[in-house]
Structures are given as C-alpha cells and as structure tokens.
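Dear colleague,

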Amino acid sequence: MVLVAAALVLIPLAIVVGAHLSPDDEVWSHIREHVLGRVTVNTVWLVAGVVLITSMLGTGLAWLTAACEFPGRRFFDWALLLPMAMPGYVVGFVMIGLFEFAGPIQSLLRGMFDTEVAFPEIRSRGGVILVLSLVLYPYVYLLARNAFLTQGRHLLEVARSLGCRPARGFFRVALPMARPWIVAGLLLVVMETLADFGTVAAFNYDTYTTAIYKAWFDLFSIQSALQLASVLIVPVLLLLWFNERIGGRKRFETIGPANGPGRLQLTGWQAVAATLFVAIVWFAAFALPFAQLLIWAAGHLTTDLDMRFLRYVANSLLLASSGAATVCLLATLIAYAARQRPDALTRGAARVATLGYALPGTVLAVGIFVPLAGLSRVLNEMTGAQLLLQTTVITMLLAYTVRFLAVAMQPVQTHLLRVTPNIDAASRILGVSGLRMLSRVHLPIVKGGLLTAFALVFVDIMKEMPITLMTRPAGWDTLAVRVFEMTAEGHWQRAALPAVAIVATGLVPVLLIIWRSADAPRR
C-alpha cells in the first residue's frame with residue numbers, strides 16, 4: 001500500500017519530466033520566446049513580495065499576541081487565524097470588486113471630492129501580492145505564535161538583565177530562537193504561492209500556473225503544459241531539499257512556561273498603536289471581504305439560489321466527502337504500515353507519498369491527465385469503446401489523494417503516537433494482529449486525529465480550483481468552478497453566493513485549529 005501511494009506521486013512527476021523527450025517544438029518555441037521570461041519574472045516577484053509581507057505580518061502579529069498585553073488581545077489572539085478560511089481567489093475578487101475604478105470605494109471618493117481621485121490600480125502586481133499576503137500570513141502567525149508562547153516567561157527578563165530593552169531583546173533573543181518555526185511557516189507560504197491559480201487568474205497576473213492552464217486549454221498543447229510544469233517543479237524540489245537540510249541539522253529545545261513576569265504591558269500610544277495595527281490587518285484580511293460577500297450574496301439570493309446552485313453544492317459535497325474519506329483511509333493504512341514495518345524502504349516510500357502536497361494543482365492535473373488519456377486510447381483501440389478516463393470523478397479523486405495525503409498524514413501519525421508498543425504487544429498476546437489490530441485497537445484511539453484529518457482535507461477539496469477545473473467531467477461543476485466562471489466574466493456579485501458557501505465550510509477546520517491551540521502554553 002505504501003509503495004502504491006508513492007507510485008501515485010512518482011508517476012505524475014515522471015510524466016512531467018519526461019515531456020522534454022517529445023516536446024511540441026512549435027508551441028514551446030512560442031512559449032519560450034513570448035511567455036517563459038514574463039511568467040518567470042512575475043512568479044519571482046510574487047513569491048518575493050508575499051514572503052516579505054507575510055514574514056513581517058505573521059511574526060509581528062505573533063509577537064504582539066504572545067508576548068504583549070494590549071486592548072483586544074484576547075479576541076485577536078484567535079481571530080487572526082480566521083483568514084485561513086478565506087480562499088485567495090475569494091478575497092481577490094472581493095478586493096477587485098470593491099477597489100476597481102467602477103467599484104464602490106472609488107465611486108464614493110469621486111462623489112465626496114467631486115473629482116477623480118488618484119487611486120492605485122488594484123489589478124496590479126502590488127494588488128495580487130497584498131491579497132495573497134493577507135490570506136497566507138496565518139501560516140507564519142500560527143507557527144511563530146506557538147514558538148513565542150513556548151519560549152518561557154523569563155526569556156525577556158533574562159534579556160533585560162543583560163541590558164537589552166524589549167525591542168532589542170526581541171531582535172537579539174526571541175526572534176533568533178523562533179527562526180525555525182518562522183522559516184517553516186514561510187516555506188508553506190512559498191508552496192501555496194507557487195501553487196495558486198485562482199487569485200492570479202482573477203488579477204490577470206500571469207504566473208506558471210496560469211501559463212500551464214493556457215498552454216493546455218488555449219494553445220491545446222498538453223506537451224507544452226507539461227514542459228512548463230517541469231520548470232515549476234524545480235523550485236519546489238529545491239525548497240523540499242532546503243527544508244530537509246535545515247530540519248535535519250538543527251535541534252531546538254522548548255523552554256516551557258516558567259515563573260516570572262507576564263506579558264509586556266503596553267500603555268498609552270503603544271497600546272493604541274498595537275490595537276490599531278492588529279485590527280486593521282484582521283479587518284482587511286477577514287472582516288471586510290466576508291462582510292462584502294454576505295452583502296453581495298444577499299442581493300442575489302432570490303435569483304441565484306436555485307436548483308443549479310444546489311447542484312453545485314451537491315457536487316462539491318460529494319467530491320469533498322468522498323475525497324476526504326479516501327485520503328484518510330489511505331493515510332491510516334500508510335501510517336499503520338510504517339509503524340508495523342519501520343524499515344528504510346517503507347519509511348522512504350511513506351515520505352515520497354506525502355510529497356504531493358508540495359506539487360501545484362496544475363502540475364498534478366497535467367501529470368495525471370496524460371497517462372490516463374494514453375490508457376484510454378489503448379482501451380478504446382482494444383474494445384472499440386469511447387472511454388475518457390482522464391476526465392472522470394475517479395481521476396479527480398486520484399489527484400485529490402495525491403495532493404492532500406500529507407494533510408491527513410500529520411494528525412493521523414500524531415495520534416498514532418498514543419498507541420504504545422505495550423498496547424501492540426498485548427494485542428498480539430490476545431491473538432489480535434494485522435488489520436484486526438488496526439480496526440479494533442488503533443482506530444478507536446486515533447479517531448480524534450481521523451476526524452481532524454477528514455475536516456482539513458474536506459475543506460481543502462472544497463476550496464481547490466485548478467485540479468477540479470482541469471480534470472472534471474463535462475457539466476460537473478462545483479462551487480469553486482462557479483466562482484471562477486463568474487469572476488472570469490466580471491460578475492463579482494454573482495460569485496458571492498458560492499464563495500460564501502466555500503468560506504462557511506472553510507471555517508470548520510479553522511475553528512478546530514483554534515480549539516486545539518487553546519491548549520497551547522499561555523502566559
């Protein structure tokens with residue numbers, strides 16, 4: 001089972017890399033001359049800008065809520081995680097609808113001042129960087145916050161005794177100690193930025209993901225799409241190698257909460273500034289877009305809440321539930337196999353099986369589409385049937401499994417640690433082993449982890465756009481596809497109703513994370 005899961009990841013990778021053996025020379029020449037340089041520059045700027053802003057926002061917000069006391073801290077401590085429920089493409093089209101030239105903000109300003117007001121163009125590099133940063137900063141915030149919480153209450157006092165003011169103590173002591181967690185969060189941010197399709201498509205900002213989509217559906221060249229995907233894989237693999245290197249060389253011990261001074265009490269203008277800063281970020285990242293979605297959705301409720309919308313909901317729920325169940329089942333079997341047979345081959349295969357999360361959805365879509373299309377041709381020639389294996393629900397579930405297996409593995413493996421070797425030994429003495437041990441002993445213990453894994457994967461599939469868009473059967477539309485179609489046509493308000501359904505579903509795992517983080521060390 002572990003080897004099969006590893007093969008599911010390696011086959012798309014091999015297909016993508018092997019595209020250079022039989023290139024589409026005419027189309028690839030056009031892409032190399034007119035597209036490749038532009039999307040490379042755009043992608044580099046996007047990643048650099050998002051990393052810079054998310055590192056500052058995530059780290060700064062984490063320090064304020066973990067180490068400082070100011071008005072509203074208890075609320076923002078958990079509320080700053082809520083933007084995780086907002087897909088980037090949803091926040092993107094809301095911001096475009098609000099701040100474009102004909103939108104309500106600029107219209108209001110022109111009416112107030114009776115003249116045109118110079119306003120930055122929202123559909124720009126800066127606009128897409130800002131939107132993705134607002135959506136992705138919680139990855140850094142969550143990990144950095146946990147790092148600052150576990151540094152111990154006496155850390156700043158030690159820095160003060162050595163002559164460091166609070167600000168200097170942060171940069172000289174707290175920040176270096178939290179660096180591994182911040183880097184881990186930033187690696188997730190980079191992966192998500194490279195994989196993003198919906199947000200950059202809404203802003204008409206061409207990156208590798210949009211170029212892959214256009215090469216496939218506009219230029220009708222799957223080989224060129226595969227070649228572009230192979231270029232995108234290079235930085236992803238380098239990031240994985242970098243993460244492995246820094247994770248394997250360094251070891252960090254947690255300094256538990258200790259007796260000593262509590263949070264740094266902010267007073268006067270410092271307290272006001274901290275509250276305003278945190279409130280502005282939360283308002284821009286969650287409150288404003290969600291409130292606008294609700295307003296737009298209410299305005300089109302009577303016209304768009306019909307049987308077609310209910311079909312989008314049913315398709316999304318069916319895909320998400322069946323995909324989450326498949327992923328959780330496979331994750332449980334892999335984690336159990338790696339536990340029962342901890343040899344180098346099984347451990348290596350289990351690690352390879354979780355690499356799919358690092359691959360952008362567009363890469364997986366083309367990597368899985370091509371071999372299934374080839375298999376369809378062979379079967380059609382043999383049987384005379386008209387099979388289209390590459391665009392079926394099974395194909396979508398296969399791609400979801402490869403993409404989100406790592407999401408389910410983490411909570412399942414963590415809960416399996418509660419099953420001690422003594423429990424396994426006692427089970428074998430009683431004649432319970434193999435899959436019977438898994439079903440009768442392990443599953444009751446890890447059911448909490450399975451529920452968490454199911455919720456996380458369920459919502460990831462609900463929000464997922466490129467795989468669904470590129471591999472769905474004809475007429476099999478979901479909420480995410482509906483949002484893409486409406487925003488592509490500029491109908492921002494009509495995209496609000498399906499977006500609200502996606503965001504409401506996305507709040508489920510975020511609330512789970514908030515609930516679980518309530519057990520984190522507090523000072």
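**Aromatic residues**

W216 is buried, with a relative accessible area of 7%, where buried means under 20%, exposed over 50% and partly exposed in between (1.4 Å probe, protein chains only). The model is a predicted one, in which local features need pLDDT of at least 70 and side-chain atom pairs count only at pLDDT 80 or more, whereas totals for chains, interfaces and linings use all residues. Residues are numbered from 1 along each chain as its sequence is written, and side-chain values use heavy atoms, with hydrogens and water left out.

The search of the whole structure finds 14 aromatic pairs, a pair being rings of Phe, Tyr and Trp (its six-membered ring) with centres within 6.5 Å, counted as stacked if the planes are under 30 degrees apart, edge-to-face if over 60 and tilted for the rest. The rings of W216 and F217 are stacked, because their centres are 5.0 Å apart and their planes lie at 20°; F217 is partly exposed, at 31% relative accessible area. Elsewhere, ring pairs link F75, F76, W78, W282, F286 and F290 into a cluster.

**Salt bridges**

Seven salt bridges are found in the whole structure, each defined as a side-chain nitrogen of Lys or Arg within 4 Å of a carboxyl oxygen of Asp or Glu. One of them joins R38 and D206, at 2.7 Å from N to O, and this pair links distant parts of the chain, since R38 belongs to helix α3 (residues 36-67) and D206 to the loop between α10 and α11, 168 residues apart. Helices here are DSSP runs (H or I, at least four residues), numbered from the N terminus. R38 is partly exposed, with a relative accessible area of 39%, while D206 is buried at 17%.

Another salt bridge pairs R494 with D304, the closest N and O atoms being 3.3 Å apart; R494 is partly exposed at 29% relative accessible area, and D304 counts as buried at 10%. D477 and R472 also meet in a salt bridge, at 2.9 Å from N to O. Salt bridges that share partners join R38, D206 and K214 into one network.

**Cysteines**

The search of the whole structure finds zero disulfides, a disulfide being a pair of cysteine sulfur atoms within 2.5 Å. C68 counts as buried at 3% relative accessibility, and C328 counts as buried at 6%.

Notes:
Helices (H or I, at least four residues) and strands (E, at least two) are DSSP runs, numbered from the N terminus.
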